Amino acid sequence: MPKKNDVIELTIEAMSSEGSGISHCSENGEKGMAVFIPATAVGDRVLCRIVKVEKRLAYGRVEKLLESGEDRLISDEEECPVASPCGGCVYRHVTYEAELRYKWQRVADALSRIGGIAVTPNPIVGSTPERYRNKAQYPVANGEEGLRFGFYAPRSHRLVEQRNCLLQPREFECVLNAVAAWGNAAEVKAYNETDGSGLLRHVYIRKAEATGQIMVCLVCTSGRLPNTEDLVTRLRAVSGVCTVVVNINRADTNVVLGDEEFPLYGSGVIEDRLCGLTFSLSPRSFYQVNHAQAEVLYSLAAQAAALTGKETLLDLYCGTGTIGLSMANKAARLIGVEVVPSAVADARRNAERNGVHTARFLCADAGEAACKLRDEGIHPDVVVIDPPRKGCTPDVIHTIADMAPARVVYVSCDPATLARDLKLFGELGYTTKTVTPVDMFPRTAHVETVVLLSREKADDYACHSVHTKDLKTSMN
């Protein structure tokens, strides 16, 4: 049994769901306790210092890399100087091919170990691994030389300063520089969590990939900002910036956005195009942060739905309606359900804007809405679900099964809760047909998955295979 501060030699055998390497201590020649070590790759041989010991596992950090595994990235390319303290890019140190392999394995393991499902996932669909994000929320802190911007270190509110994140568009650094120049000249202070003093809490930036439009949202403790003309002038000099919004958040909370906001410059929204549709985005609008991969994800979901133009499509957890609306032209009618009122309002506007007159959006909990539709005698042919990370509640799954759609398309952002839910679907008569992982967030531990479920004994239904070879580079 290892003890805290022991330094031992270990070889990395596998990767955890959070992107840490996994090894085992040897005890009397046998495999002993598992040790989780960040910033390692399969095949690495390291000197590891044990930093924490629990009953069944331990955590360590690399003291010295003795030998690099084949998956470790050896490159002269520009790398992030704060990757380790920031902790967001857990796969920054490995090749992208290895990262895709790790993520595919994570999905496969969850299916078999948690769900008991004997389905081999399709090859994972890869992405561009750099500069792919269209949104960032930068916390702000005070420094000796003025305002500081960056990201919080894992499980803390300790700011790691970084303006040029390699996952964000290059324009975002220019926006931060402009805000810093204005704030320092106007002697603006960052919000202090300890005593509630200060004005500027976050700088929230969105970019519409198709149009190039950029929104800058300053989250402040007050709507009264000094020298706003200088702020707007500096931000307008950044290519793409077409609106500046002030959001007011006075609460002692970890939630970024407050309930009040107003445009300081421009309309307060930007426009983007996705899957042939136009979407208007406000600071609160839910929108996939990887535009190119969102189109891949929705294409896979549409292939799994296999709509012919005659079906009733139910889109649970619909957000601003993007997935359902992207399929609406292939369905007889679309019903979307979302619990957030502002998202429902956005979905209705998006339907009207794109000339989709066969859509109905309900503001309700997914389970309540499903029961309401069932009581109305509405029996969807296809149900699309894209739940939050915690997955579906059992009552939602039971209600979907009671509605007896021929197909369920499950879009998941967490393999563990996905596998758990697929197991319950299986107990209620739905067979998992295809599973396709999609890398929406390269360099991070996250992976999305599109799953097709079919109701057993569905009349005249043939499984539609999901093809990914023409979408993007894939790796098994």
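How do H8 and H9 lie to each other, roughly parallel or roughly perpendicular? This predicted model gives the answer below.

## Helices H8 and H9

Helix H8 spans residues 366–375. Its axis and that of H9 come within 9 Å and cross at roughly 20°. Angles under 35 degrees count as roughly parallel, so H8 and H9 are roughly parallel to each other. The crossing is left-handed.

On the H8 side, the meeting residues are Ala-366, Gly-367, Ala-370, Cys-371, Leu-373 and Arg-374. H9 supplies Asp-395, Val-396, Thr-399, Asp-402 and Met-403. By type, the residues of this contact are 6 nonpolar, 2 polar and 3 charged.

## Helices H9 and H10

H9 (residues 394–403) also packs with helix H10 (residues 415–427). The angle here is about 40°, and the axes are 10 Å apart. That makes H9 oblique to H10. This crossing is right-handed.

Pro-394, Ile-397, His-398 and Ile-400 of H9 make the contact with Asp-421, Leu-424 and Phe-425 of H10. These residues divide into 5 nonpolar, 1 polar and 1 charged.

## The sheet

An open sheet is formed by 6 strands. Their order is S1-S5-S6-S4-S3-S2, and the pairing is mixed. Strand S1 (7–11) and strand S2 (14–15) stand at the edges. Each has a single partner strand, so one side of each is left without a neighbour in the sheet.

The partner of S2 is strand S3 (residues 21–27). The two run antiparallel and are joined by 2 bridges. In one of these pairings, Met-15 has Gly-21 of S3 as its bridge partner.

Note on methods
Residues numbered from 1 in each chain as written. Predicted model: local features only at pLDDT ≥ 70, side-chain atom pairs only at ≥ 80, totals over all residues. Heavy atoms only, no water. Pairing = 2+ DSSP bridges. Helix = DSSP H or I, 4+ residues; strand = E, 2+ residues; numbered from the N terminus. Axes fitted to C-alpha atoms, helices over the stretch in contact; angles between N-to-C directions. Parallel < 35°, antiparallel > 145°, perpendicular 65-115°, else oblique. Left-handed = near helix turned anticlockwise from the far one by under 90°. Contact = heavy atoms within 4.5 Å. Nonpolar A, V, L, I, M, F, W, Y, C, P; charged D, E, K, R; others polar.
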